[in-house]
Amino acid sequence: MANRLARATSPYLLQHKDNPVDWWPWGAEAFEEARRRDVPVLISVGYAACHWCHVMAHESFEDDGIAAQLNSAFVAVKVDREERPDVDAVYMTATQAMTGQGGWPMTVFATPDGAPFFCGTYFPKGDFARLLTSVTTAWRDQRADVIAQGAAVVQAVGGAQLVGGPTAPISAELLATAATGLAGEQDDTNGGFGGAPKFPPHMNLLFLLRHHERTGSAEALEIVRHATERMGRGGIYDQLAGGFARYSVDATWTVPHFEKMLYDNALLLRSYTQSWRLTGDAFARRIADETAAFLLRDLGTPEGGLASALDADAEGVEGSTYAWTPGQLTEVLGDEDGAWAADLFRVTAEGTFEHGKSVLVLGRDIDEADPVLVERWRDVRRRLLAARDSRPQPARDDKVVASWNGLAITALAEHGLLTGDKTTRDAAVALAETLAGRHLVDGRLRRVSRDGVVGEPAGVLEDYGCVAEGFLAVHQVTAGARWLDLARQLLDVALARFRTADGGFYDTADDAEKLLTRPADPTDNATPSGASAICAALISYAALSGETSYREAADTALATLGPLISGHPRFSGYASTVAEAALAGPFEIAVATTDPADPLVAEVYRRAPGGSVIVVGEPDRSGVPLLADRPLRDGAATAYVCRGFVCDRPVTVPADLDFGVELGRR
């Protein structure tokens, strides 16, 4: 018989609806039940594409004996971290404080008031059964100590919030320190930063690209080139269908943890698109194009959004969809092409993965090879992908997360404008329409939707920031006044409901559900922090609208992130990216024209530094401040290039465009 989770909309919760555990969804009712029964609460947090969440579910939550222990002595609460990032943030802080590390599945034992007193992550079945017995005994025989432990953890969690701390205004010196810090942590051999497990450093790459543009740093550009090449050639990138996996289990980008997340691919799409813009590298352009295609093909939902993730597993086996043996290549391709593909993709008898299988990597430069070889490679890819499609496929978490879709809107818009790809440009607009029509409810954002139905969880700060930034990108694509107005609505809510006393931001609104503490995490991890995202949107909105109060709010908030940027550059990549735009101006560019295909337009898109705002359209278009009082000159398309609301002379000839080299000293 299904438990209470059968009524959930979260795919992760629905994965547990048939467990013998008497699960409760997160909510006041669960804690009231724990008080009524006088038992502790087990809070189990994970997400649908999480491999070890599946393992713990199969080992423990599907086991009748474990379920009997849980049901008799606990109230068990299941939480989707992607649906409730606020709940996840509070208990992850507690888990890290108690254990020194975190991750998912996250396993928290709490009092009926929600105070955590014991935290951990994955527990094998035997360890978990013993832990349940120990916690039950402690709750019965050492209640005072348990409650005291919970109170101490609550106090520690509250003190961990970085609100009201030191500030550091953004400066060229501060960003130089961050760039130097990243260079010092680079993996000179394999690209990227740090060792195994290795995560794609998309936001750090965006920062270094902008740093290169502002300062002319060849080192910053080379770090990006090295990382993007090694990732794009590695097994973390799907060499047949495009799209990046969540991370690599090794330092060489060879064997990934196979789940594919929307947010990683959106941010990497931006990294590769911007890298191509600056270098003209055909490899970077191909990876950008294929990543954009992956987003739309494999994550697009019938209702118009983009799904959250593809699972790491297929029929319970991690990576089974993606790995190959030499014999399997030969079976699909024949002897000659099979041997050629094995050499190109580094598929060996020993294997790089499990059971003698290999994850495909690109062993040689193929993009600019002889056209005959390129066509052979493309044909081999098509045939292998067709064969792979007949294998069991990973499940898809098809909930639509507002912030992640906002990231995708910005990425698709940039790709469409810079490459001239109408498909991705139109997709960005359609995706924005979906968010505006479904996730905006009574002027406030909702975090998730599924099957066209919006969920109850309220949007957090990253939703407001990422969606506002996406709407501003679509304003630049369409020159439509509506998108500028919608972005302002979101920013006004953020300024009214999320700000701290020192001009920074909390992650939840002042009228959101009250948790143990009000989360305020400024670090950029898998996704931009809410603070970084909202600063990006504030700066762009101010540049597009001319309303300087929004820029003042951004500068104040960025100063609260300054110490993080200089001290921990790997965990402030988006904050640094935004800070580069702020220090560079950003450029405000209006192209007055009746012909969007005019060569001047393409040159502006190609040459304008990252972080610039660009609007193309007829002069004095209604509701578009950047085009106000910007006439054509002698009937020709005319570019108005401004910075800090101070403009150069209008330009009608592409060769006359001048954005400077070292913009910080221009």
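The second largest cavity of this predicted model has a volume of about 120 Å³. Its lining is made up of 17 residues, and those closest to the centre are Gly 235, Tyr 237, Asp 238, Tyr 322 and Val 359.

**Cavities**

- Three cavities of 30 Å³ or more are counted in the structure.
- By class, eleven nonpolar, three polar and three charged residues line the second largest cavity.
- The largest cavity holds about 490 Å³ of space.
- A total of 31 residues line the largest cavity, and Arg 210, Glu 414, Gln 476, Gly 611 and Ser 612 lie nearest its centre.
- Several elements give two or more residues to the lining of the largest cavity, among them helix H9 (202-215), helix H11 (262-279), helix H18 (461-478) and strand E19 (613-617).
- Helix H20 (530-545) and helix H22 (573-584) are also included in that group.
- The element that gives the most to the lining of the largest cavity is H16, with five residues.
- The lining of the largest cavity divides into 18 nonpolar, seven polar and six charged residues.

**Asn 265 in helix H11**

- Helix H11, which contributes to the lining of the largest cavity, contains Asn 265.
- Asn 265 counts as buried because its relative accessibility is 0%, which is under the 20% limit.
- The backbone oxygen of Met 261 is reached by the side chain of Asn 265 at 2.9 Å.

**Second largest pocket**

- The volume of the second largest pocket is about 630 Å³.
- Among the 31 residues lining the second largest pocket, Glu 83, Arg 84, Glu 456, Pro 457 and Ala 458 are the closest to its centre.
- Two or more lining residues come from each of strand E3 (75-80), helix H5 (85-99), strand E15 (444-445) and strand E17 (453-454).
- E3 supplies the largest share of this lining, namely three residues.
- The lining of the second largest pocket comprises 15 nonpolar, six polar and ten charged residues.

**Helix H5**

- H5 has 15 residues, which should span 21 Å at 1.5 Å a residue; the C-alpha atoms at its ends are 20 Å apart, in agreement with that expectation.
- Gly 100 follows H5 and has a positive phi, near 85°.

**Disulfides**

- A disulfide is a covalent bond that links the sulfur atoms of two cysteines.
- The structure contains two disulfides.
- When the bonded cysteines of the chain are numbered in sequence order, the pairing is 1-2, 3-4.
- Cys 50 and Cys 53 are joined by a disulfide with an S to S distance of 2.3 Å.
- The link of Cys 50 and Cys 53 is right-handed, with 80° about the S-S bond.
- Both Cys 50 and Cys 53 are buried.
- The other disulfide is formed by Cys 642 and Cys 647, whose sulfur atoms are 1.9 Å apart.
- The disulfide of Cys 642 and Cys 647 is right-handed because the torsion about its S-S bond is about 95°.
- Cys 642 has a relative accessible area of 2% and is therefore buried, whereas Cys 647, at 39% relative accessibility, counts as partly exposed.

- Cys 119 takes part in no disulfide, and the nearest cysteine sulfur, that of Cys 53, is 16 Å away.
- The relative accessible area of Cys 119 is 4%, so Cys 119 is buried.
- Cys 535 is likewise in no disulfide; the nearest cysteine sulfur belongs to Cys 466 and is 12 Å away.
- Cys 535 counts as buried because its relative accessibility is 0%.

How values were computed: Residues numbered from 1 in each chain as written. Predicted model: local features only at pLDDT ≥ 70, side-chain atom pairs only at ≥ 80, totals over all residues. Heavy atoms only, no water. 1 Å grid on protein atoms, 1.4 Å probe; cavity = no way out; pocket = protein on both sides within 12 Å on 5 of 7 lines; lining within 4 Å. Points joined across faces, edges and corners; volume = space filled by probe spheres on them. Helix = DSSP H or I, 4+ residues; strand = E, 2+ residues; numbered from the N terminus. Nonpolar A, V, L, I, M, F, W, Y, C, P; charged D, E, K, R; others polar. Disulfide = S-S within 2.5 Å. Buried < 20%, exposed > 50% of the residue type's maximum accessible area, 1.4 Å probe, protein only. Expected span 1.5 Å × (residues − 1). Polar contact = N/O pair within 3.5 Å; in protein donor to acceptor, adjacent residues only side chain to side chain.
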